[in-house]
Amino acid sequence: MAEVGRRARWLPWAAAVPLLLIAALLLAEWSGWRFLRASVEQRLSDAVGAPVRIDEGFELHLLRAQPRVAIGRLQVDSRREFGVPHLLLATALEISTGWGDLWRWRGGEQLVLREVSARTLGAQLVRLEDGQANWRPAGAAPAPPPDEAPPPLPRVGRMAVPDGLIELDDRPLRTKLRIALSAVDGAAGTPAFRAQVTGHYRAMPLRLGAVFSPAPHDAQQVLLRLDGEAGRSRLRFDGALAPLAAARTLQGEVRVEGPSLAAIGVPLGLTLPTTPPFDIAGRLSREGQRWRFDARRAVIGSSQLAGEFVFERRAQRPHLGGTLRGKRLAFADLGPAVGTGARPPQAPRERVLPARRFDIPRLRAMDADVAVDVDQLDFGSAALAPLGEVKARVRLADGVLWIQDLRAGLGKGLLSGRTRLDGRGDPALWSADLAVQGIAIEDWVRGVRRAPRRAPANGVAAPPPPYVTGELVAAINVSGRGRSTAELLASMDGKARLQLRNGTLSHLVTELAGVDIAESLGVAVKGDEPLPLRCARVDLQIRDGIATPTVAMLDNRDSSVRVDGRIDLRDESLALRATVRPKDVSLLSLRSPLVVSGHLAQPRVGVEGGRLVPRVLAALALGFIAPPAAVLPLVDPGAPAPAPCG
């Protein structure tokens, strides 16, 4: 009985202990846990590895879904090695977060702050060359490599800071920014704040103005208006973002203008070509690590394009996919990307092949898979007509760039094939396998057309026939190596075969090529006419940049023309010789091979003197002895030639 009595006396005390603990907990919550200020200071100091001071009030509320802390004045010093006096200095600071957010942050994830407000806020964020950052807990995790993205700053849901200044000095990324915060009025009088960003991002000058305001019907969304300059490019954005959503979404209208796509691609980690000035507008959206851009309008130089693109950050390399569409793609607008831009200072002036070097390392910075569907490909040359219905697949993977399934048409003809540029080594390796089927040369090569005749007073003149007509059939299989287009061609090996089917050649051109004076005068008087071509074929063997014709022939009923010699792409020199074999008799002919010499930039056409001089001297000598006999050395009896394309 005595034992039972003692237990009964302890029961009220045992029941009172939990009640007292609950009461003490409620009292501490009501008082704001002010007695923990010194302990919080010490724990924060240990975490950041530098002194932390809390002055002018301290309140902490833990018994709620989102813990909240209010501090009159908070100063977080920076560790000595970072060279700045403090990491954070704020007055009237209030911060709320979630228990789960704190738990994940302790596990190494990015810190999430649901709301942040302060009367004044100053922060000095520094990352050193070795990757150590003063905003990371001391010794919390290994520093990332210096060339990677910096350790993530806290994500903030809503912020209200009427007077703030954040300075970021990220030395590995060559980034130095100054972000000034101020209070402004948002839509419908709602409170908002402005962020004015100036400085350099990845060494690119940056000047942006952003206004953040709460969305009226969605507590998770924040409206964002952005306007400013990045380098020499202009950027505008009007949309909304959800910084605390699980997928971290963003969507809105964007417009970007600038001198070249490459200038905006480098700071964003994108491999974009060097282009003329551009103006692009469309809708930008983000969900997690996936970005989507629907370009309604993309004017690049004289090109008129559009498309849909998806960009994702992946483990090894970022990836860009999508479709490029449009009315017109001008080859000149891609010129700098394939090495044709401005001539390098060291390039000789007599050179015409593009000598600008490729940016090979950028091929290894990103992967891509983009379909191309363009109405017209314009070569930007008065000599060539545009191709239509251009389709291709552009793939970039592990430093190798493919253009696959290429198809482009002109009339009933078709250009098809594929190319490959392997940028994994230095120099790059290039190959091309192209085919042409049935493209009318008179429609594609404008240089074979005659100038239009003057219309008579009483009607419209019919257009004169072209100098050359026919359906072009070609097969090109070549490869090379180098750091520019000029170097690729200078090292090129392979074969090329070109042939005209159902073609014609101007009678006057045939006679002029044979230096047949009498026949040329006769054709000029009675009028030119196209002569059907029995054969028109060129086979080229290319080795180490030297193209040598194994077969090069034009043949019609009047003459047969054969070409030999070579084209040296290493120094762009020409050494070609065209020999004409007439099939009819001519009374006044200087039949002698034509020679083409010089360089691609300045070719020189002349007559080979080895055969011409003796005939002229013989004619002059006979003219002195018997003037009527002077024409005998210039008479060409002609000789029939066998069919050459057997």
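I began with strand 15 and strand 16 (residues 303-312), which run antiparallel and are joined by 9 bridges. Strands here are DSSP E runs of at least two residues, helices are H or I runs of at least four, and both are numbered from the N terminus. Two strands pair if DSSP finds at least two bridges between them.

This is a predicted model, where local features need pLDDT of at least 70, side-chain atom pairs count only at pLDDT 80 or more, and totals for chains, interfaces and linings use all residues. Residues are numbered from 1 along each chain as its sequence is written, and side-chain values use heavy atoms, leaving out hydrogens and water.

I looked across to strand 16 and found Phe311 opposite Trp291. I then checked the turn of this hairpin: 2 residues lie between the strands, and Gly301 has a positive phi of about 60°.

Next I took strand 14 (residues 278-287). It pairs with strand 15 (residues 290-300) over 10 bridges, in the antiparallel sense. Arg283 has Asp294 of strand 15 as its bridge partner. This hairpin also has 2 residues between its strands, and Gly288 takes a positive phi near 65°.

I moved to Glu41, in helix 2 (residues 37-48). Is Glu41 buried or exposed? Glu41 is buried (under 20% relative accessible area, 1.4 Å probe, protein chains only). I found no salt bridge for Glu41 (a side-chain nitrogen of Lys or Arg within 4 Å of a carboxyl oxygen of Asp or Glu). The nearest side chain of opposite charge, Arg37, is 4.8 Å away.

Technical notes:
Buried means under 20% relative accessible area, exposed over 50%, partly exposed in between (1.4 Å probe, protein chains only). Lys and Arg count as positive and Asp and Glu as negative; His and the chain ends are not counted.
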